[in-house]
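Reader: Hi, I'm new to this one. Can you put it on screen and walk me through it?

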Amino acid sequence: QVHLVESGGGLVQAGGSLSLSCASSRSIDGIIAMGWYRQAPGKERELVATLTRGGNRNYGDSMKGRFTISTGLLRNTVSLQMNSLKPEDTAVYYCNARGYIGTVQYDDWGQGTQVTVSS
């Protein structure tokens, strides 16, 4: 069952901007955090940015100052604004949502969306 729907991404030149959005079908009350991770060919998946229910933001080191994560009005959506993109930002970006249904924890992943930055 698909719980996360991603949109955005695509091809952009270095220095340009892109935005990603992700919507969860889970109950808002159970969501603990949402965020983005990425995986480039031949590399491990890495943190891009996360946003907790309490409003705490965490960014990967190479994204600080360039990327901004925010939540939507319904708080079960998350967006990622990516500015000053570099070729090394090229990767598949995955949305993630963590939370609880009752006492059962879930850890959902989106299908991934490609971001390609040309030099």
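Author: Let's start with one residue. Threonine 113 is buried, because its relative accessible area is 12% and buried means under 20%, exposed over 50%, partly exposed in between (1.4 Å probe, protein chains only).

Reader: Before we go on, what kind of model is this?

Author: This is a predicted model: local features need pLDDT of at least 70, side-chain atom pairs count only at pLDDT 80 or more, and totals for chains, interfaces and linings use all residues. Residues are numbered from 1 along each chain as its sequence is written, and side-chain values use heavy atoms, with hydrogens and water left out.

Reader: OK. Where is threonine 113 found?

Author: Threonine 113 is in strand β11, residues 113-118. Strands (E, at least two residues) and helices (H or I, at least four) are DSSP runs, numbered from the N terminus.

Reader: What does the side chain of threonine 113 reach?

Author: The backbone oxygen of glycine 8, at 3.0 Å. That is a polar contact: a pair of N or O atoms within 3.5 Å; within protein, one must be able to donate a hydrogen and the other to accept it, and residues adjacent in sequence count only if both atoms are side-chain atoms.

Reader: And which residues does threonine 113 touch?

Author: Leaving out residues up to four places away in sequence, threonine 113 touches Glu6, Gly8, Gly9, Leu20, Trp36, Ala91, Val92 and Tyr93. Contact means heavy atoms within 4.5 Å.

Reader: Switching to aspartate 89. Is it buried or exposed?

Author: Aspartate 89 counts as buried, because its relative accessibility is 1%. It is found in the loop between β8 and β9 (91-101).

Reader: Which side chain does aspartate 89 join in a polar contact?

Author: That of arginine 66, at 2.7 Å. Aspartate 89 also touches other residues, including Arg38, Phe67 and Ser84.

Reader: Tell me about serine 84. Where does it lie?

Author: In the loop between β8 and β9. Serine 84 counts as partly exposed because its relative accessibility is 41%. Its phi is near 50°, a positive value in a residue other than glycine.

Reader: Now the strands. Which residues are on the covered face of β3?

Author: In strand β3 (residues 18-24), Leu18, Leu20, Cys22 and Ser24 make up the covered face. Ser19, Ser21 and Ala23 are on the uncovered one.

Reader: Why the every-other pattern?

Author: In a regular strand the side chains alternate between the two faces of the sheet.

Reader: What does β3 pair with?

Author: Strand β1 (residues 4-8) is joined to β3 by five bridges, running antiparallel. Leucine 4 stands opposite serine 24 there. β3 also pairs with strand β8 (residues 77-82), antiparallel, over six bridges. In that pairing, alanine 23 has threonine 77 as its bridge partner. Two strands pair if DSSP finds at least two bridges between them.

Reader: How many bridges join β4 to β5?

Author: Six, and the two strands run antiparallel. Methionine 34 stands opposite leucine 51 in β5. β4 and β5 form a hairpin with six residues between them, and glycine 42 in the turn has a positive phi of about 80°.

Reader: What about β5 and β6?

Author: They form a hairpin too, with four residues between them. Glycine 55 in that turn has a positive phi of about 95°. The pairing of β5 with strand β6 (residues 57-59) is antiparallel, over three bridges, and threonine 50 stands opposite asparagine 58.

Reader: Pockets next. What volume has the largest pocket?

Author: About 190 Å³. A pocket is an open set of points on a 1 Å grid over the protein atoms alone, where a 1.4 Å probe fits, with protein on both sides within 12 Å along at least five of seven lines; lining residues have an atom within 4 Å of a point. Points are joined across faces, edges and corners, and the volume is the space filled by probe spheres set on them.

Reader: Which residues lie nearest its centre?

Author: Leu51, Thr52, Arg53, Thr71 and Arg75, out of 13 lining residues. β4 gives the most to the lining of the largest pocket, with four residues.

Reader: Last one. Where does glutamine 1 lie?

Author: In the segment before β1. Glutamine 1 counts as exposed because its relative accessibility is 86%. Glutamine 1 and aspartate 108 are 107 residues apart in sequence and 10.0 Å apart in space, C-alpha to C-alpha.
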